[in-house]
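Me: I am new to reading protein models. Could you walk me through one, feature by feature?

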Amino acid sequence: MAREMKDSGIKWIGEIPIDWKCVRLKHFYEFEKGKNAAQYTQEYLGLHNGNYPVYSGQTENNGIMGKIDTFDYDITECLFTTTVGAKVMTPKILCGKFSLSQNCLIMKQIKECNNKFFYYILFPLFDYEKSLIPTYMQPSLRMEDLKKYTFFIPRESEQRKIADFLYEKGLELDNILEKTRASIGEYKKLKQAVITQAVTKGIRGNREMKDSRSTWFGQIPRDWNMRKIKYIFKIQKDIAGKEGYTVLSITQKGIKPKDLSKNEGQLAENYSNYQLVHMGDFAMNHMDLLTGWVDVSKYEGVTSPDYRVFGLIDKDNYCSQYFLYLMQMCYTNRIFYGLGQGVSGLGRWRLQADKFLNFSITVPSYEEQQEIANYLDKKCSAIDELIAKKEQYLSEIENYKKSLIYEYVTGKKEVPQNC
């Protein structure tokens, strides 16, 4: 028999069981913000010899954490959420002693309630709140926001039943998610290994090898050459001089047109100072060798003057696609990173032009360059298809988990009697 429902009057909640009561979050929790890194560093060095890291919010074990032995808070169990950043508005549960960074907000219980039930209630709330924030804005969460939130909750025994059910289901789903992510990671490693083998050893089976005299490439086929990049490519920097061009971003998924209407990412006041990129040009973010990338442009447009645009000197005797695989391998295998300099901890590990141009890379014959490129196109396409299917499955499971939490914490579904 279906339970009797009523309108909650709250958009993200919708209908609620008629016997659930309305409460405010501030009646069950008080809120406190973590400290900044400078404060923590000083306290750790003075009190704990620097042994305890600042806890800033990583999800483990279905978001319910074990004991973290730091000194700042000592509570049997509490909720907390990150306030800004990539994992914005993500609730977790902590037990024992721990410290929180300034990007975290602790919710300390002041009235008897089921922490785990409230933990699950925050998930759909935060998803709804994030959906209201324009994409060009950095999402954030304030104590004032949390204090005003209204919920509908069942009696304590049903809270416990729902929380326990969702925890067990969450463990099952997290196990599936973990295995799927691990599988995706293995496919990505396989793709990387296939590319590395092809552009450093070839694809023609056993053959006579020689020392490349390069720390990075080791043994290469005897009939291959090692040539400096400056004899294969020429760096070009043509400033647009006017507005109106398609603005291109260099992402780890390739060179993409930037949608300026969304106001996302870094925006320039004047794109006339950007440099031209033509179809077939190589462009790389050499400013950050950890998260940067290199690609061949499929578009006419402009990109940041800080990036490096370069093209083949002799397009008749060099295969663009072969050298793209080679350049990308130098990113994924951290070869360019090994040649870089700067402050890596601040994302400023860059590859200077002279180091880039004087770096020697593998050069097989033009025919074998084409052969390797065609082989990798097919192999990588097949692996990418498998990865895409896994990622789609991952997305479906994550959405199912969100839907499951929402349906039970809003009373639209009841926990089965046998649970």
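Predicted model: local features only at pLDDT ≥ 70, side-chain atom pairs only at ≥ 80, totals over all residues.

Me: How many disulfides does a search of the whole structure find?

Reply: A disulfide is a pair of cysteine sulfur atoms within 2.5 Å. In this model the search finds 0.

Me: What does the protein look like overall, in helices and strands?

Reply: Helices (H or I, at least four residues) and strands (E, at least two) are DSSP runs, numbered from the N terminus. This protein has 8 helices and 23 strands. Of its 419 residues, 42% count as buried. For contacts, meaning heavy atoms within 4.5 Å, take the pairs at least 6 apart in sequence: 74% of them join residues at least 24 apart.

Me: Where is K26, and which residues does K26 touch?

Reply: K26 sits in the loop between β3 (21-24) and β4 (29-33). Leaving aside residues up to four places away in sequence, K26 touches F31, I110 and K147. I110 is 84 residues from K26 along the chain, and their C-alpha atoms are separated by 9.0 Å. K26 counts as partly exposed because its relative accessibility is 41%.

Me: What is the volume of the largest pocket, and which residues are closest to its centre?

Reply: Picture a 1 Å grid over the protein atoms alone: a pocket is an open set of points with protein on both sides within 12 Å along at least five of seven lines, a cavity is a set where a 1.4 Å probe fits but cannot get out, and lining residues have an atom within 4 Å of a point. Points are joined across faces, edges and corners, and a volume is the space filled by probe spheres set on the points. The largest pocket has a volume of about 1200 Å³. Of its 34 lining residues, the closest to the centre are K191, Q252, W293, Q328 and D384. The largest share of the lining, 8 residues, comes from α5.

Me: Which classes of residue line the largest pocket?

Reply: Ala, Val, Leu, Ile, Met, Phe, Trp, Tyr, Cys and Pro count as nonpolar, Asp, Glu, Lys and Arg as charged, and the others, Gly among them, as polar. The pocket lining has 13 nonpolar, 10 polar and 11 charged residues.

Me: And what lines the largest cavity?

Reply: Its lining is W12, I13, I16, I121, F151, F152, V409 and T410. By class, that gives 7 nonpolar, 1 polar and no charged residues. The volume of the largest cavity is about 30 Å³.

Definitions and conventions
Residues numbered from 1 in each chain as written. Heavy atoms only, no water. Buried < 20%, exposed > 50% of the residue type's maximum accessible area, 1.4 Å probe, protein only.
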